[in-house]
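Please keep the sequence and the model in view while reading the points below.

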Amino acid sequence: MTYLSAEQILNADDLAHEDVEVPEWGGTVRVREMPGTERDKFESQFIGKDGASVRMEGLEGFRSRLAAATIVDEHGKVLFRSAAEVKRLGEKNANALQRVCDAAMRLSKMTENDVKELAGN
């Protein structure tokens, strides 16, 4: 058995992506799997240091934040970076956002139980 080296692991192109048709927006977006550190950062927006839900409202902004964290250009660079852009994204069509989020959750192996845990349930 041959084991991978650190260099082989670090150089592996291991982030999946999927092109998602969004007719409400007039085209296609590329959705990418979240890298480990980005998923940690995403989840930390909803969970406090004590493990309790940060927001009394539960998952306010979940869809826009998930979409913003996973919509990338053809080179894999995140398109939405500022809080203002994420807020505006959240004001877009809910069906379109959900389609993007479904792909993001599938690619990032985020389950319904993970989402419930973020909501403090």
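Predicted model: local features only at pLDDT ≥ 70, side-chain atom pairs only at ≥ 80, totals over all residues.

Arg32 has a relative accessibility of 8%, below the 20% limit, and therefore counts as buried.

**Arg32 and its surroundings**

- Arg32 belongs to strand S2, which covers residues 27-32.
- The side chain of Arg32 is joined to that of Glu38 by a polar contact of 3.1 Å.
- Leaving aside residues up to four places away in sequence, Arg32 touches Leu15, Ala16, His17, Glu38, Ala69, Thr70, Val72, Gly76, Val78 and Leu107.

**The chain as a whole**

- Six helices and three strands make up the secondary structure of the chain.
- Their order along the sequence is α-β-β-α-α-β-α-α-α.
- The chain has 121 residues, of which 31% count as buried.
- Among contacts in the chain with a separation of 6 or more, 57% are between residues 24 or more positions apart.

**Helix H3 and its burial**

- Helix H3 is largely enclosed by the rest of the structure, because seven of its nine residues are buried.

**Packing of H3 against H4**

- Two packed helices are described by the angle between their axes and the distance between the axes.
- For H3 (residues 62-70) and H4 (residues 83-90), the axes come within 8 Å and cross at roughly 120 degrees.
- H3 and H4 are therefore oblique to each other, and the crossing in which H3 passes H4 is right-handed.
- On the H3 side the contact involves Ser64, Arg65, Ala67 and Ala68, and these meet Val86, Leu89 and Gly90 in H4.
- Sorted by class, the contact of H3 with H4 comprises four nonpolar residues, two polar residues and one charged residue.

**Packing of H3 against H5**

- H3 also packs with helix H5 (residues 94-107), at an angle of about 60 degrees and with the axes 9 Å apart.
- That angle makes H3 oblique to H5, and the crossing of this pair is left-handed.
- H3 contributes Phe62, Arg63, Leu66, Ala67 and Thr70 to the contact, while H5 contributes Leu97, Gln98, Val100, Cys101, Ala104 and Met105.
- The contact of H3 with H5 consists of eight nonpolar residues, two polar residues and one charged residue.
- Ala67 takes part in the contact of H3 with H4 and also in that of H3 with H5.

**Lys109, a residue with positive phi**

- Most residues other than glycine have a negative phi.
- Lys109 is not a glycine, yet its phi is positive, at about 55 degrees.
- Lys109 is located in the loop between H5 and helix H6 (112-118).
- With a relative accessibility of 61%, Lys109 counts as exposed.

- Glu43 is placed in helix H2, which covers residues 36-44.
- The relative accessible area of Glu43 is 22%, so Glu43 is partly exposed.
- Glu43 and Asp114 are separated by 71 residues in sequence, and their C-alpha atoms are 9.3 Å apart in space.

Technical notes. Residues numbered from 1 in each chain as written. Heavy atoms only, no water. Axes fitted to C-alpha atoms, helices over the stretch in contact; angles between N-to-C directions. Helix = DSSP H or I, 4+ residues; strand = E, 2+ residues; numbered from the N terminus. Parallel < 35°, antiparallel > 145°, perpendicular 65-115°, else oblique. Left-handed = near helix turned anticlockwise from the far one by under 90°. Contact = heavy atoms within 4.5 Å. Nonpolar A, V, L, I, M, F, W, Y, C, P; charged D, E, K, R; others polar. Buried < 20%, exposed > 50% of the residue type's maximum accessible area, 1.4 Å probe, protein only. Polar contact = N/O pair within 3.5 Å; in protein donor to acceptor, adjacent residues only side chain to side chain.
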